[in-house]
Each structure stands twice: as C-alpha cells, then as structure tokens.
Amino acid sequence: QSFWSLNWEGEGRSLRVSASEDGTIYHYNYSDSTGSTSQNPAFPEYSPMEAQAIAQNFLDKVVTAPLDAQLEDTETMGSIDSDRYYFHGALTLHGYPTPLGLSISVDSHTGQVLNYRRDDRYDVYLPFPAAPAALTEEQTANASNLLKGTLALRLEYVLDEDSNTAVLRYLPEDSNSFYVDAATGKLVDLTALYGNLSKGEGSDSATGGTTEDSADNGLTDAELEGIAQMKDVKDKDALDKAVRAYSQLGLSGYTLNNCSYALNRETQQVTATLRYSRSGSSGSPEEVSTPYEFNRSITVDAKTGEILSASGTSWADEDFQPTVSPAAAQTKAEAFLQTLWGGDFAKSALYDSQEAGPETGLRVHTFTYAQQVNGYFFPQNTLTIAIDGQTGDVINLYRDFEADPTFDSADGILTEAAALDAWFATFDVVPGYTQVPVALSDYGEQYRPLLDLGYTYVHELKLGYALSQKDYYLGIDAKSGDAVKPPVTGNSRVITYSDLEGSWGKDMAEALADYGVGWLGGKLEPDKSLTQLDLMALLLSTRGILVNLEDEDSADTVYDYAYSTGLLTASERNDSAILTRGELVRYLLDANGFGEAAQLPGIFRCDYKDADAIPDALFGYAAIAQGLGMVTGDSDGNFSAGCTVTRLETIAMLYRLLSR
C-alpha cells in the first residue's frame, strides 16, 4: 500500500507523521526545542502511571477497529534523569493478540506524546480477516495435542550451578516454529514455509568460519619478545618442525608466515600460534581457475610442541563437491584424536556432526565427540575436529575437556514421557493471530508491483494457536521432574529496602527507589553514618547508573563519575570518610548546579538558630538549602554543620531537593 509522509515545522517545533491512504497512522514524531530543560535531576511533572494513561488515550485515537492496542504493564518507574517515559505494547485483532508490536514515548515534564511507531510499517500484509467464530474447547484440545507433539527432549549430564556435580537433565531439542491453524485444525511448520519461499519454491503460506586465538594476552611488546627467550621455550623453527611431523595436518604445501607467543599469567603456560598459508583453488580439482588463499593456524605448547588447537579455511564455493566421504572423514578424525588425545577420546562418543558440501556451504566434515558417563553425554567436555572434504587433512581442531565433576547416578530418573509432560506444562497454548508468509505467485497479477520489486511473499494474519512460555527454563530435572530456571546472574538492579518498616523516611526512600535512586543490596541501613563512597554512589544513581557497593571494582566506577563531574579530585578520595551535614549539603548542591551561587560572598541570610556558627565556606550552601526546603534544621532548629549525618537523613535531603 502507499504511504503519505506529512511534515509540519514552526518556531522550533516539528511534527512528522507517516500514514497510509486510509488515514491509519503508522509513525508519529513530535519535537520541541523551544522549552528550556534542566541538566539537573528532578522529579518529573507526570508520574509513569499518568504518562501511561496519556499514551493509552493517544492509542485509542490512532488505532481503530478491528484493531485495538494495549500497553504492557510497567514494572519500573523510569529514571529520575530521563525526560521521557517509554512504553511498549501490541495490537490485538478482534480481541485476539497479534505479533504486531508498537512503542510510544511521553514527555515526563509536559505530558506530550513524543513518538509512536507501529512495527508493521515496513512490512506488507494482506487485508486483515473478518471477525472469526468463537473458538471451541475441542479446537483448543486438538491444538494442545498437536503442539505438544512438536516438543522433544534429550537426556544429558549438566554441571549443577551450585556445586561441582554433574546431574542428569532433560534438555529441549532445537525445533522449528509451529502453530495450529484454527480454520483447518492442522499443524503448520512456519520455519519450513519460510525456507521454501526463500528458495523460490512457493507455498500457500512461509526465510562457518573459524577463529584464531589471541596471541598477546594483553602483554607489552617487550614482554612478548621476552617470552621467546624463556627457558625451555622452543623457537619457531623447532615448533614448525614439530607441527609438520603430524602428516594428518597436510602442511607440506604451506609456508610458515609467522609465529607469535603468549603467556597465560594464571597458569604460566606458554603457547605459540603458527600461521601458514598457501595459494590454491577453492573448487573441485577440475576447477583450478579461481585463485584462493588457504590459511591455517596451529596453536601449540611452546615448550613441548604439543598441539592444542587448529583452525583453517572451512567455507567453500556454492558448487563445491567433497571427494572425501563423511564415513572416510570420520575414520581419519577418530584415528587422529586417538593419537593426539587418546585418554579423553576413550571416554567419549560421537555427539554431533556436519557434512561438507553445497547444502552446508562448508568444505569440511566436522565431528564433535563428548564425554559419555553411564550411557549419557556430558557435552561440557568435548573434542571437535574437522576434515577437509577434498584433501582429507585435519583443518580444525579443538579440545575442551577441563571439567572434572562428580557424576550423579543414573538411578531413579523420570521416563521421557513424564519429562515431556512436565516440560509441556511450562507452556501455555495461546489463541491468537500468527504472522504467516503467503507466496505472491498465488495471487496472479494482483501484486505485480511487489513482484517487480523482488518480493516473493507477503504476510497474512491467521487465527490459531501457538505455544507461549512466560518464564524461561533450561529443562526438566531428570529425578525430581521440576522445571529448572537459569541461575540468577549478577545482582538485581531493582532497589528495595527491607529495613524501613515504621521508619519516618520510608515513603521518601521508596519514592526515590521507584525512580532508580538509592542503594542496591536490599537494605538502606537508615541509622548508619553516611560515608563519602555512599554519597557518591547515591549521586551516581540519580544519573541512571546503579552499582552494588559489594561488587569488586564498584568503588572505582563510582569515583570515576565523581572525578568526571568535578565533585572530587583523586586526591580527595576517601571511601570510608564519615560526612558531616555541612559536607553533605555542599556535595548535593554542587551536584545540582548550585555550587557557584553558594560561594558568592555577602548576599545570603538564613534563619537557623546556629546561623552565626555556620562556617563562612558553608553559609551560602546552608542558606540555599533552607530556601529550597532541603534542610529544615534539626530538632532544635539548628543547621548543625559539623554533626555527622545518617543514610536516611541523606535520602530525605535528596528527596526534598529533587521535589523542588
């Protein structure tokens, strides 16, 4: 369909709209540079809930029947230093969900909708279908049975996340994407449909390289040169001779280009990577007209010459036909692994393989062998080898056999059927519209302009059922039958406090936490004296950056911010220094742009009872803090510049400052 691009400009404001000929708005962008914006954090005029209501009201106007739009629930309140809120949602059709997403942003200070975008702006869809008949329980039951049949599990040992024990777990096999068509009740393989259409085969409905090890390990040039002179380290000629002794590598026609050394600082192992090349042909022996550069890298123990890994050219021309069969390549691969790593190979069995040829675009047959215990694979320990499909040479080689866990017994494991039931229970069978590719060739000349542009298919929204997994699971524990979630990595980036019940500052602390301002760790420790590090981390959070002070190097991150903003110099850093009320006020006001004004002499007055005792260097700060309502004085009405300050008092001062 055709689209209009509409633009309005005037007095620092602009509005850009993209709409179809029927008036449907797909994209909207409003910009206003006339208003002044503060660079200092402050609570926004509109709360996230108020902004979301504005966004939903906008959507109700621009999204018309039979479509509807619903925003996702907002779990966080946004950042205190952001000038806009972002919301996401999806379109529904006749009350059913669709894969068509949308995004919208609202200015947090003015309540103006700034940007709106529908995901289907740059895709082509057939006209939306009419309202369907209500789905029945029988249709749902049929879809559940069919979709369950698309799931498959494999039973393997995996390393338990909390111990050095390998446990048995049913893991999901990779699968195509399926849905059940509500009209026909049939299971549809969407992956296959896209694959067929991408090959130009049509349908009524459906789109290897190698790496080299780093050789420097962060070492200086002088250190790298020194490695080659270390005791027992062989020179490149000796290492080259050791590598060429393995005839299976087929290096007779290759030239050694360079040899670089590396030192593992932790293990003190010295390795050397030798890089070879030769010119040749990329195709079959008869096709010698295409010059081609073949590159090989062999990494060895620099003291013993033992091969550690190898890599080389693995991709091939489109018409490459291997002359070495997969069976012959496997025989060569296993013989070499037995020679090189016999002990590990004896514990292993073939886990995966990939053939060379035009179907894969590879010139190598690749075989992966994994450790096998009690008849089950433990794929964390593997040996991988690739054999050239034309020469039979070993091209790629990799060993990852370092894990040495205790293996749990194979007694008392669930049947595959029981595990599959448990796995299926982690899914919901969701009715809704699915985006299905439809071949344009099925529509004759109707879509000739699209065919002329190179399109082979468009999309149609079809009502049906698909599997939806609300939470992500790794698999099913083979003994308990429980669904296993991934381990929690890192620390939560949501601020919560468990020690504020009944506290006078609870509402202020939680209001700041809603905007991502505060301290991570689960506790505020309200009565604890404030340290310099505490304050710098708190100020950093007002810029949308949260750090957990228990993490290694977190303090350096905090102070890098402090230095970059001029709050401190490196010589003033003192992580554990206890701050006074006067120092806190100075830091807070400096961080919010009041520092220069506070240092003007002779222009301020304040009404604290101890005003005469406030040091001259802090008097302006005290006056501004009182004027802003940031500091009302202690219980006796004193500023108390020299008294220490607690973490909760700090939160209260910051809250009042941001509420100005």
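Helices (H or I, at least four residues) and strands (E, at least two) are DSSP runs, numbered from the N terminus. By that count, the protein chain has 15 helices and 24 strands. With a radius of gyration of 33 Å, well over the 26 Å that the globule rule gives for 660 residues, the protein chain is more spread out than a compact globule. The radius of gyration is taken over C-alpha atoms, and the globule rule is 2.2 Å times the number of residues to the power 0.38.

A quick word on ground rules: this is a predicted model, where local features need pLDDT of at least 70 and side-chain atom pairs count only at pLDDT 80 or more, while totals for chains, interfaces and linings use all residues. Residues are numbered from 1 along each chain as its sequence is written, and side-chain values use heavy atoms, with hydrogens and water left out.

**Overall dimensions and surface**

- Taken along the principal axes, the C-alpha atoms of the protein chain fill a box of roughly 95 × 80 × 60 Å.
- Of the 660 residues, 44% count as buried (under 20% relative accessible area; exposed is over 50% and partly exposed is in between, with a 1.4 Å probe and protein chains only).
- The accessible surface comes to about 34,000 Å², and 47% of it belongs to carbon and sulfur atoms (Shrake-Rupley method with a 1.4 Å probe; for residues, only the protein chains shown count as cover).

**Around Glu416**

- You'll find Glu416 in helix H7, which covers residues 416-424.
- Glu416 counts as partly exposed because its relative accessibility is 47%.
- Leaving aside residues up to four places away in sequence, Glu416 touches Leu153 and Tyr170 (contact means heavy atoms within 4.5 Å).
- Lys241 is 175 residues from Glu416 along the chain, and their C-alpha atoms are separated by 52 Å.

**A nonpolar patch**

- Trp4, Leu6 and Trp8 make a nonpolar surface patch of about 350 Å².
- Patches are made of residues with over 30% relative accessible area and no salt bridge; like charges are joined within 9 Å, and nonpolar side chains (Val, Leu, Ile, Met, Phe, Trp, Tyr) within 5 Å.
- Leu6 sits in strand E1 (residues 3-10) and is partly exposed, at 32% relative accessible area.

**Salt bridges**

- Side chains of opposite charge can pair when their charged atoms come close.
- Searching the whole structure turns up 20 salt bridges (a side-chain nitrogen of Lys or Arg within 4 Å of a carboxyl oxygen of Asp or Glu).
- One of them joins Glu173 and Arg154, with the closest N and O atoms 3.6 Å apart.
- That pair links distant parts of the chain, 19 residues apart: Glu173 is in the loop between strand E9 (165-172) and strand E10 (178-181), while Arg154 is in strand E8 (residues 153-159).
- Both ends are partly exposed, Glu173 at 38% relative accessible area and Arg154 at 26%.
- Arg154 and Glu173 also belong to a network of salt bridges with Glu156.
- Asp534 and Arg647 meet in another salt bridge, at 3.1 Å from N to O.
- Asp534 lies in helix H10 (residues 532-541) and Arg647 in helix H15 (residues 647-658), so this pair ties together parts that are 113 residues apart in sequence.
- Here both partners are buried, Asp534 with a relative accessible area of 5% and Arg647 with 4%.
- Asp575 and Arg573 form a salt bridge at 2.7 Å, N to O; Asp575 is partly exposed at 26%, and Arg573 is partly exposed at 28%.
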